[in-house]
Amino acid sequence: MHASSSLAPPETITLTINGQARQMAVQPWVTLLDALREHLDLTGTKKGCDHGQCGACTVLVDGKRINSCLTLAVMRDGAEITTIEGLAGEDGALHPVQAAFVEHDAFQCGYCTPGQICSIVGMMNEGHARTDEDIRELMSGNLCRCGAYPNIMDAIRQTLRERGEKPASEKNATPIPAYHLAE
Amino acid sequence: MNSFTFARATEPAAAVRELAAHDGAQLVAGGTNLLDLMKENVARPPRLVDINRLPLAQIEERPDGGLRLGALATNADTAYHPAVQARYPLLARTILAGASPQLRNMATNGGNLLQRTRCYYFYDVGTPCNKREPGSGCPAIAGLNRMHAILGTSEQCIATYPGDMAVALAALEAVVQVQGPDGERSIPLGEFHRLPGDTPQFDNNLRPDELITAIDLPRRGFAKHHSYVKVRDRSSYAFALVSVAAGLEMEGGKITTARLALGGVAHKPWRDPEAEALLVGQAAGADAFRAAADHLLRDARGYRFNAFKIELARRAVVRALREASTA
Amino acid sequence: MTATQYVGKPVSRVDGRAKVTGAAKYAGEFNVPRLTYGVIVSSTVAKGRITRIDATAALALEGVIEVLTHENTPRLAWLDRSYQDQIAPNGSPFRPLHDDKVVYSGQPVALVVAENFELARYAASLVRVEYAPEPHQTNFDDAMAEAYEPPTGRAGYTPPPKPRGEADQAFADAKYQVSAQYATPTEHHNPMENYATTVAYGEEGKLTVYDKTQGAQNVQAYLASVFSMSSDDVRVISPFVGGGFGSGLRPVYNVFLAVLAARQLKRSVRVSLTRQQMFTFSHRSETRQEVRLGAARDGQLEAIIHEAFADTSTFEDFAEGIVNWSGLLHQCDNVRLEYRIAPMDVYTPADMRAPGATQGTFALECAVDELAHRLGMDPLEFRLKNYAERDQNLDKPFSSKELRECYRQGAERFGWSQRNLEPRSMRRGNRLIGWGMSTGAWEAMQDKAGAKATLHVDGRLIVGSATADIGTGTYTIMTQIAAETLGIPLERVEFQLGDSTLPFSPVEGGSWTAASVGTAVKEVCEALREKLFKLAGKIHDSPLGDATLEDVVFENGEVRLHRDSARGIALTEILRRSDMATLDEEVTAKPKMLEQSGYSRHSHQVTFVEVEVEEDIGMVRVTRVVDAVAGGRILNPKTARSQILGGVVWGISMALHEETLSDHAFGRFMNHNLAEYHIPVNKDIPEIDVIFVHEDDTIVNPLGAKGLGEIGLVGTAAAVANAVFHATGKRVRHLPVTLDKLL
């Protein structure tokens, strides 16, 4: 087996996190997620599976949502990273998605919540969500075990409305659809 | 995760040199599968070479009317690229049926081809696996094999290639461009992945010191008549039990060219030129579709929990062809 | 509590801001100085002995501090009793690193502690463990041969009622019969947060244990007893819990290992489980069930026979109420219910959201659907025909039961009357449409609980109880109850929980928290109200004069006369004028057993579900749900609705997705991750319509609330399966309903 001397030495990298440049020395085997949580005490980003299967660790890197558990901190040297801690205004005013989450009770235990919110911000940056069905598909990378999905949808619709983007909502459809009888 | 040294390459030749110089070194781009495997101790590379700074992220027109997808272009950038959307909607649709938006923002085209199987036993170092540890055995053959292969299996391995993108690439007859110590070469997509045979540890025919630089799409994109049917256990963010990429060219209700590739059923995207040939000259319709499906699945073999995939695949083929022909 | 300034209002969660900004700290997030990290090595065999553990390579790494195994673990408490927590089943609780015996696959066999997480993780991969395996049993179909009736005595477990009438004869004589076998698979709770413990090692070895748990005091008592520590030397704190669903009712082995390491090393330690390890400590029991129903031509139920088998471990007798519901849900005079458990080489099952009820109700309510179909009768009409006006299991009246109203309102909202009885009779394009329904019930329990309240002279009211908020909304509803009772603005009230030093609370589960802790909060605030009133009376020139407590109202931080609202005094003024910085009170609220014991106390629900099934490839999607609930008084419609939404999503998940697969050759769960253990994604979940019907209940507890954590789930899986039958004509009796079963 490897002797202790074979452990890779730390590298000095700079991550701009929530607008603030943070220089840090990390060993290559530190994921971005663990760098945030264990090295920088930014524990708002959650570890739900550590394998890209739940979305709880979603952060924005250079404006794009990614799973921070599947990237190494050293691979992100020089990147701009936005975490849940960086979304509210300097004055403490909640980001519209955060406010909508509180209003619509779009969470229960709260553990998937930072990832959901960052994912929604990323989805809005991407600009491909036009219908409820689009939103559901494009938010399917964030699991919620408490089952808050319907409320998450409500929070997203409200945020889009506030932004002047109105997703076609099936909520307005007739509650009881008409069916063709089988032949 | 083991300890590894870390290096960055800024030009392709340097990346290839790194691979040649360090036994067992691996390239990392998106990292979405490699880091996952490293955390499971399935992959234990002594050295990682970060290739994200190589200039391989472009999507460019090719002189023959095709399109070159840079190996480092992300799945998301590829799927939403205007040229891909307009000329290769089959590919766009297929990519978007895979993984999650976050993963597609990270995963690269080159890396996606190298995605390893989702076989439970491969992933669990507490069990034997011939792919992970040659000669240790294949518990999937007599074990939990609902997700496993029905075509091209061997006594050593019944794992599947789990990805989506390569299934569309197979139907599109894409070509993988690679660079090695001795220069560049091209590998047709159909020859890129391999069947497990007696050496299931090798997923594909890429050599250990080669770098994927691009994937070339030929001119023919089946923009008018295509479909990707993905059958899975939930509506999204799940691997395919069976998937079908279909591309047709039609004239006056008759099929003039047909391409069919299956995912989730074999160690590689599965194509059969004979099945495709059966469709040529036929009018689009259930009988012709079913005949092609039957032919495509003629050698399929089911195991204890996945025998359903044979009929499922036939139906998925029929559905994909129906959708493609009526699009 | 007739005034409803806060209670009954859709107040947004008081901890909402903390959760949406990332400020809420979960167990593995307390970054104390000089923290070390423990990573667990799990067994790869299901049964046998550890013959050798070689940690040389791990220990050779600089920064690796210790590798704890059964070989170097100090002698701890000896008796089983010392390891038995509040809700432990009968038996010998699992003791981590106790000896060389392996009793299930995934069992912790070593803990590697290092200066940082990555190093500990790497070192753990270098620990070599050799086993002498022994034959194991994880195949439930084979294990059932060893089934036995579980002993009674586990807290919260009620054995099946004695048979009533002549069920077997009545079944044999019945004109219409259904006899069918149902199966539900092993499931794992999989809350989003993995179990984790951070132990802060303090002066003189005092431990502050930040643990993910549904019962801080349960864990504290366990640790004190196992490690023979004085209660003052170990404090358990758990302010936020990233989901529990029953998995955190009992102490999980990570807390044992973290405390063990902290005491050995005299260092602070964090031990977090991986997602893979979330499949190594508790699960929903696997069941095999047979239901036989008999009915007359007019739909009158004449016989119910329900026999269930469920798994347990080899070391504990896990028991839950699976079949009892079949004697409760519908009127029937001939009923025989049986329940047995069979040991397997797995960890002990645990309560998992609506434990027992959801497995048993799935079988019963599918069988009811099958019977209604055989009768050519609408399944709603069938249930109304056999409506139970009285709990025949207990032979007692219900304290309240507005299920009939649930049926009425739910059916109307869903449009049930437009349903065609025939399966495969509705389609949309190439998709078959099916409508299904089911009912369910859950016990409305109240347990003893304590609370304390402190009013500060600056107007803040601090209320606390050692309960938990696992996403259920405990923080919020307790804040509402306190604000309401003392008439203090909501934002001036702070509710504290998840701390073993707070007044006694039972573990947070069983849907009893609102009733139990809520009553304590109400009572402590009432006591404080009385104290304040008395103090006010002693103030010179008191504006309340010689009024009695009945003459005054507490509102907006003041106490005022009913008849003359100009006459009043601020609560803070009472303290100031009495020269007091704070005023506090503590109570223990107990259920009124005598009053309650005359009644059967339950919440009820009905779920109506629409599914679409892709005819060719079998993919199922739930497209509409209406869930109507009679759950007593709704303390907060917003968080209450979320509880039901969650329950419904769990029901859909159980029906269509969840199944932990074991390879019996290894005795090992193989799909131990979130890619292959499927729970629904956003796209799987449609709009869900939740109806709370009005239900007054003065018996269940002083709040009239019945608890909502489980009830949304109970009948949902059956409703989905029934809808799939209606769509396809295929009856899937073995969950989950995956597409291969519909081809």
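**How the chains and domains meet**

Guide: Gladly! Between chain A and chain B, the count is three salt bridges. Please keep in mind that this is a predicted model.

Visitor: What makes the pair Lys64(A) and Asp77(B) a salt bridge?

Guide: The rule asks for a side-chain nitrogen of Lys or Arg within 4 Å of a carboxyl oxygen of Asp or Glu. In Lys64(A) and Asp77(B), the closest N and O atoms are 3.4 Å apart, so the pair meets the rule. There are also 15 residue pairs in polar contact between these two chains, both residues being at pLDDT 80 or more.

Visitor: Which parts of chain A supply residues to the side that touches chain B?

Guide: Strand 1 (11-17), strand 4 (64-67), helix 3 (113-126) and helix 4 (132-138) of chain A each supply at least two residues. The largest share, four residues, comes from strand 4 of chain A. By kind, that side of chain A divides into 14 nonpolar, 14 polar and eight charged residues.

Visitor: How is the size of an interface given?

Guide: Often as the accessible area lost when the parts come together. For chain A and chain B, the buried area is about 2900 Å², with carbon and sulfur atoms giving 53% of it. In chain A, His51(A), Leu70(A) and Met75(A) lose the most area to chain B, together 22% of what that side buries.

Visitor: Why is Thr738(C) called buried?

Guide: Buried means under 20% relative accessible area. Thr738(C) has 9% relative accessibility, so Thr738(C) counts as buried. This residue is found in the segment after helix 17 (716-728) of chain C. Leaving out residues up to four places away in sequence, Thr738(C) touches Arg146(B), Asp233(B) and Leu656(C).

Visitor: How many salt bridges does the rule find across the interface of domain 1 and domain 2 of chain C?

Guide: The rule finds one salt bridge there. As for the two domains, their centres, taken over C-alpha atoms, are separated by 36 Å. The contact takes 23 residues from domain 1 of chain C and 20 residues from domain 2 of chain C. Together these domains bury about 1800 Å² between them, 54% of it on carbon and sulfur atoms.

Visitor: And what makes Glu316(C) and Arg250(C) a salt bridge?

Guide: The N to O distance between their side chains is 2.7 Å. The cut-off is 4 Å, so Glu316(C) and Arg250(C) count as a salt bridge.

Technical notes. Residues numbered from 1 in each chain as written. Chains lettered and ligands numbered in written order. Predicted model: local features only at pLDDT ≥ 70, side-chain atom pairs only at ≥ 80, totals over all residues. Heavy atoms only, no water. Buried area = accessible area lost by both parts, 1.4 Å probe. Polar contact = N/O pair within 3.5 Å; in protein donor to acceptor, adjacent residues only side chain to side chain. Nonpolar A, V, L, I, M, F, W, Y, C, P; charged D, E, K, R; others polar. Buried < 20%, exposed > 50% of the residue type's maximum accessible area, 1.4 Å probe, protein only. Contact = heavy atoms within 4.5 Å. Domains from an automatic or database assignment.
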